[in-house]
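The questions below take one label at a time.

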Amino acid sequence: MQQIPLDENQLQMLDSIAGCMILRWLPDGSIISANLNLCECLGESDEDLRGNSFFSYICEQDNTRLLEYIAAFNQPATRNSIDYRVMTKNGEVLWQHWCDFYVYNLHLKRYEFLSIGHNISESNSPHSRKNHIENFDRLITTLSVNFINIIPEKLDEEINHALKLIGEYSDVDRSYVFLYSNNGLLMENTHEWCAAGIEPQINNLKNMPVDSLPWLNQKLNNFEVIQIQNINFLPPEASAEKEIFEMESIQSLVAVPIISSNVLIGFLGFDSVRSLKQWTEDDISVLQIFGAILGNAIVHIDHQKELFTREHFLSKLNEISVILLNSTNLEDTLSKITDLVKDVIKAEVCFITMWNEEKKLPIPIAASAPYVQIYNSIQFSPNDKTITSHVLSTGEVLIIEDVLNSSFLSTQIANLFSARSIIGIPLIANARKLGAIILAFNTYHQFTQTEIDLAQQTASLISLALSKQISLEEAEKYAWELETLRKTGMIVASTLEPEKAIDLILDQLDQVIPFDTASVQLFSNNNLEIRAGKGWTDPTAILGQQIPIPGDNPNTRIIQDRQPYFYADIQEIFPSFQKVPQQTIHSWLGAPLIVNDEVIGMIALDKNDKNFYNNNHIKLARVFADQVAISLYNAQSYKNEEQRVKAMEALRDTLSDISNELELSQLLPEIVKRATTLMNANGGELGLFDPETKEMRVVVSQNIGKDLTGIVLAPSEGLFGKVAETLQPVIIQDYLQWDNRLQVYDGEKVKAVIATPLLYGKHLLGVIGIARTVAKEPFTKNDQDILSLFAQQAAIAINNAKLYKEVENLTKIDELTGAYNRRGLNELSHRELVRAHRSDQSLAMLMIDIDLFKDVNDHYGHAIGDQILRSLSKELQKNLRETDILCRYGGEEFAILLPETEIHTAKTIAERLRIIIANKPFEVPEMVLNITISIGISWMQGKAASIESMLNLADKAMYMAKRSGRNKVCLYNEILD
């Protein structure tokens, strides 16, 4: 048997076995401890017994037999049983039956006996009751040992096994366990064993109200053992029980309370279905003993589970604390902790909602899968019944075990989710309502007090952290708003260009007061004219629009009252906002631009959400408007030509530099580098356009995270595709939110991007794109103009470089045949030689000469000879591989370099070319000629290869082919052989 140490919980469990005597003692007889039953039997106290020898209580005639019995224990974790007589303090002699466990105490590092005993009468001596006692001992020992070190995962298995053992021992039809719910209102048949042919009842006895068996439960609550030998003799007050027993065909039964720490947690029962039965005292003892064992085992397992739950909770709480402590963004932080929070009580979903006290509305901010996106998109109205509003109004935890039948949650909200049972915990700190945590289960769930406590502790931690984070963010936001306003005034005042000043106003305003769309409106001919806008889908439909003052519009109120205002839902006040293009606008805020006591215009902001703007936004708008009004007034009066001249000078210098570069491989990266500097950006890309396929190939990619050099973009794909399609520059202020973005950039820091076509006349050469990271400013119309000017000159430089490359290539091409000349062969063969040396790949060289070509020239003339040379070159090129290099080496001589080619392959290629030429009629004006060629081959291994040597050797082999009769292939290596 496996050695199993016993801890204090296990000893307490054994000590609680009803009616048994428990003794811990050493092999020398020294008593360690005795339970109350043994003390009462011997007439001694535990203090008197402790330290004395147990042998002193054994009758002399049984002493030798007991010592021999003890000596037989020589292996740890073994057990045995024995009967002997003991003498009590008053001289009474009693027969006792003892079951002894021999165990090793890990803490004290010694062997001990743990013994369980009970008195047996003289009439039932060990010999006369031997079989029954052995069976009884074996059963009790099995039950005790199996549950001593039980782990949670094995509890159900062991209970079912024990029910089988007890049922078979007592010869009953059904044995079972009922456990009560935590609130004591429900009971459930959790485990069952049935004899062969007996119908199970466990599935019919789930979540039963306790008051459905009032008589039975009253007795069990008094810790009574209930024996019913015949259900027909039940008292009238047990009519409910009798009805249920009859439905289950029960004739006789026994129910024993399962008690732990003086609390009823369930009951254990026997049913006799096939006949009436009368239970013996031993049967009842077995049930009582097992009830005590089971009760303590369940509690022990519950303690283990609670300990694990606490450890798990502390672990999750620690993880949550770390995330909260390192929080820099409230929304991101809450999104990160949803999975950890739900795991605290093993919930299936976690929702975290913030609270807008001013609008009295919950704000969905974070949820675990699968509701991450759905939850954040929900918008609550003031009339909605929500868990958040309820728990914040009461300050108490809300438990809803059946969501669909709850009055605390609006039906339309409940139907959005699959949650069945919910617990909502308020997030409150320093009397400030922050929001709520909602934990949900998709199936019916009864929340335990432990779950409630853990959820509340988690919420307390999060509330405290949120309160500090929100306070810090509010302080930082206030400081940032003041600093932004100060900088805004400085930035806007730094330009005297009206349009640029307006763009700066909108760019800066978005940092202070959020909006979906915004406009700057200036007085023109007694109307307000929209001079600039931001956020509009089609700005052209908005810019230049005239707004009558006075008129039926909110702008009139701003101008006439000279005060900023906001509307929670402007469509309710001004029906014109229900029409295109304003039909999506609900929240609206306006502030007048006043300078020298004159209203020169106004700023209008709007949001698609209702109830968005508040009094704090009004304060910010007033301060902002006062600053920008003066700057805008000055900008309307003056032009800052100096800055524009400087920008143009910088552009001119840049264009001058790139125009001097004629090497395309150097020019293209330099164009991107210069454009990036000119735009005060981080990096960029350049793609060249293929007019045949309409595809764009990225040839330069600098400092944008992913290196996309070489990638081919389909027509209309990505930003380059859009620019190529429209031939217009494009600015995207938030690229990662752009629907047509390339997915490879996800996770990069790319923010604002600007791209413009590279046009040479009307011909698209490519597209250049420049990017800024999140930390930099958005691109402006001025940036677009400068980049467009740059792109025009860059396109000219690229076209010049291409022309230069074409001219340079012409110097490497034989004008007559179109094959490479010797210069071309030298450059290309050098590249292949370097590759062959590096990878030790072989090279082969073919030297080809037209047989009797002088006769062709002499007989038909040089014009016909030239035609033959052109046709031969074309035929050779057609039958070579893409990697092979064809060169006109001399008058009628051609050289072919074959990269990565073994000698036998080279010979095959040469022979194939010889046969093709010999069998091909060459058509020339008014005649058809046949020619043959002689081919010489040289071959060298990569690291030993030399182009000059290979040409010389191939040439020698070619002359050998001619001397051998022409129209032949000769391998130089074979000449040597």
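Predicted model: local features only at pLDDT ≥ 70, side-chain atom pairs only at ≥ 80, totals over all residues.

Q: What makes strand E4, where it meets E5, count as paired, and in which sense do the two run?
A: Two strands pair if at least two bridges are found between them, and 11 bridges join E4 (residues 93-105) to E5. The two strands therefore count as paired, and they run antiparallel. They form a hairpin with 4 residues between them, and Lys109 in the turn has a positive phi of about 55°.

Q: How do you know that strand E1 pairs with strand E5?
A: Strand E1 (residues 21-25) and strand E5 (residues 110-120) share 5 bridges in the antiparallel sense, and the requirement is at least two, so the label applies. Within this pairing, Arg24 stands opposite Leu114 in E5.

Q: Why are Cys39 and Cys99 called buried?
A: Buried means under 20% relative accessible area. Cys39 has a value of 7%, and Cys99 is also listed at 7%, so each of them falls under the cut-off and is called buried.

Q: What makes Asp171 count as buried or exposed?
A: Exposed means over 50% relative accessible area, and Asp171 is at 60%, so this residue counts as exposed. Asp171 is found in the loop between helix H6 (155-170) and strand E6 (174-180). The C-alpha atoms of Asp171 and Ala195 are separated by 8.9 Å, although the two residues are 24 residues apart along the chain.

Q: Why is Thr756 called buried, and which residues is it in contact with?
A: Thr756, which lies in strand E27, has a relative accessible area of 4%, and this is under 20%, so the residue is called buried. Leaving aside neighbours within four places in sequence, Thr756 is in contact with Val723, Pro729, Val767, Ile768, Leu787, Ser788 and Ala791.

Q: What makes E25 and E26 the edge strands?
A: The open sheet is formed by 6 strands in the order E25-E24-E23-E28-E27-E26, with antiparallel pairing, and E25 and E26 each pair on one side only. Inside this order, E23 and E28 pair over 6 bridges, and Leu686 stands opposite Ile768 in E28.

Q: How do you know that helix H21 packs on the sheet?
A: H21 touches E23, E24, E25, E26, E27 and E28, and its direction makes about 140° with that of E28. The buried residues of H21 (residues 718-726) are Gly718, Leu719, Phe720, Gly721, Val723 and Ala724. Helix H20 (residues 664-678) lies across E23, E24 and E28, running at about 135° to E23.

Q: Where does the pLDDT stay under 50?
A: The pLDDT, which is the predictor's confidence in each residue on a scale from 0 to 100, stays under 50 over residues 1-13, and it is below 50 over residues 122-129 as well. The protein as a whole averages a pLDDT of 81, and 85% of the residues score at least 70.

Technical notes:
Residues numbered from 1 in each chain as written. Heavy atoms only, no water. Contact = heavy atoms within 4.5 Å. Buried < 20%, exposed > 50% of the residue type's maximum accessible area, 1.4 Å probe, protein only. Axes fitted to C-alpha atoms, helices over the stretch in contact; angles between N-to-C directions.
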